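Biologist: Could you take a close look at a single part of this model and walk me through how the strands there are arranged?

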Amino acid sequence: MARRLGILMAVFGMFAMLSMLPEPPVRWPEKTYVLSAVQQDSMCVELGRALFYDPILSRDSTISCASCHSSYVAFTHVDHKVSHGIDDRIGRRNAPALMNLAWSKTFMWDGAINHLDMQPLAPITNALEMDEQLPHVLEKLQASRMYRRLFDEVFGDSLVTTERMLKSLSAFLITLESNRSKYDAVQRGEALFSEQEQRGYQLFKQHCNACHTEPLFTNGGFRSNGIAPRGDDFGRGEITGIASDSGLFKVPTLRNVYYSRPYMHDGRMARLSDVMLHYSLASFETVVSAEMKMMKPMNEEQRIDLTSFLLTLSDSSFVFEKKHQYPFKLYESYSVQH
Amino acid sequence: MRTVFLCLALLFSVHVSLWAQTEVSIQFVPCWKDGQVITANQIIADSSIDSLQLNTMRFYLHKVELTFEGKQVWAPNNEHFLVDVMDDKRASVQLILPEHLKYDELSFVVGVDSALQVNGAHSGVLDAMEGMYWTWQSGYIHWKLEAEAKIGGNRETITWHVGGYRQPFNTLRRVSLPAVSGRTTMKIGIDVFSLLAAKQTDIDYTIMSPTKHAMDLADQFQNAFRWLAD
């Protein structure tokens, strides 16, 4: 009898110990963007960086990609509900944060773009953003001594082509990887959440993870965010032409969400607390997805816990990474005078 | 020694005849009723239309195939061609065929292969510089027609940019035409009148995105190809 009791206690003890072990780390999926050999060359990345920060891509050389995607706010446009482009023209959507793009299958809030290479063509030619024509962009780059030198160094000759320009931009954008937050350290077993963060993590998994799925904190899908539409923006429906897609927008990543305010596709929520309140009420103004219908209201304490967890997704080493910033030295060494 | 030489010569001639090739040029031209070729800057006017001036007609084609009695006899690769019927230098497609190939049907797909639409930037005729790529959303324009017209007393600007590679608005279409083998030049007309006539009951002169209208127009374009006399 005593022996049986001993065995039972040992088994019980083993299960108890297992339940105390940390949860296994969340695995990152395979990247969807495959870099070519040229794109892996650091000079190609530098060329892409030079293009990203250069207003030469716009009609009057006033607007660069970085104008609306600032590195220090996770490559979004801080304090602007929607971006303003050339001639102070106002766009209609909030500039999305840029990170971990190698895992993205679609781009833009409505998923209009199906490949990272093709993404820059949209803002370059959009009349509200850069308002430029592709042939003229190539002409300007070809006329630039700096870019002739850079293209020669990367591709073996100085010819500027659409494909080379776009793939160079992709090479730089792919380097914008954010995976060094406290959350990531916990996943790697290098840190522990505080009790509040751990409570927030449990709430996150219960309420948010279905759409903002770990470890990218987006499932890449399109959902209604539950806020009433303003104006004539029908989101995903404008691209697919399918009625049920109307009002759906891409699920944004929550990585670096602390930096990437304002929030929602039209930037209508200025603070993270506004977003917390919106979702915690679990009372939405539009038809929402099955996942959101399952959401239960959260009280203030729970909102604070959840916010505490979301702050663990801040990756300051990403946001302040020098290699992502304005390439002063490159412009200097390759002649600022284009 | 002499026998060996003769055998080698025979083998060589058999090899040469097996691999002998011939170039076939297919020219595409816009046409009106009864195959009347529309030339650049020409203004069409007849009982069916007050006036029509065609400014642009360009299209991609790929997956060219030749068949004989229903069986494929030639399908070289998935090369894409960009045809511009208003530009003599780009109005023809050259095919290199095995000499004496027998076929009775020519077919090709109008548009850009769906697989190439989703794998990034391309060069050559698929360079976005060609003006056949939508920038506001990803996807090639399979074909475009732009014209100024006066119809029923009203001035109309026709802008048809037809594209779409995903369901439910996949506007890729395979065109099939009976063919006679042995010719080195062929001329295929694209009947603009049939496109306009088909649209008369539901006129939408501006189509620039993948929609139901684009699907209807793609169906009409598929049936607008016909042989013309050289």
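Modeller: What follows is a description of one sheet in chain B. This is a predicted model, in which local features need pLDDT of at least 70 and side-chain atom pairs count only at pLDDT 80 or more, whereas totals for chains, interfaces and linings use all residues. Residues are numbered from 1 along each chain as its sequence is written, and chains are lettered from A and ligands numbered from 1 in the order in which they are written.

The sheet is open and has 4 strands in the order S6-S1-S11-S13 (chain B), with mixed pairing; strands here are DSSP runs (E, at least two residues) numbered from the N terminus, and two of them pair if DSSP finds at least two bridges between them. At the edges stand strand S6 (92–98) and strand S13 (225–228) of chain B, each with a single partner strand, so one side of each is left without a neighbour in the sheet. On average, neighbouring strands of this sheet are turned by 30° against each other, direction ignored, where the axes are lines fitted to C-alpha atoms.

Strand S1 (residues 21–31) of chain B runs parallel to strand S11 (residues 185–191) of chain B, and 7 bridges join them. Along this pairing, Gln27(B) stands opposite Lys187(B) in S11(B), and Pro30(B) stands opposite Ile190(B) in S11(B). With S6(B), by contrast, S1(B) pairs in the antiparallel sense, over 7 bridges, and there the bridge partner of Glu23(B) is Ile96(B) in S6(B).

Definitions and conventions. Axes fitted to C-alpha atoms, helices over the stretch in contact; angles between N-to-C directions.
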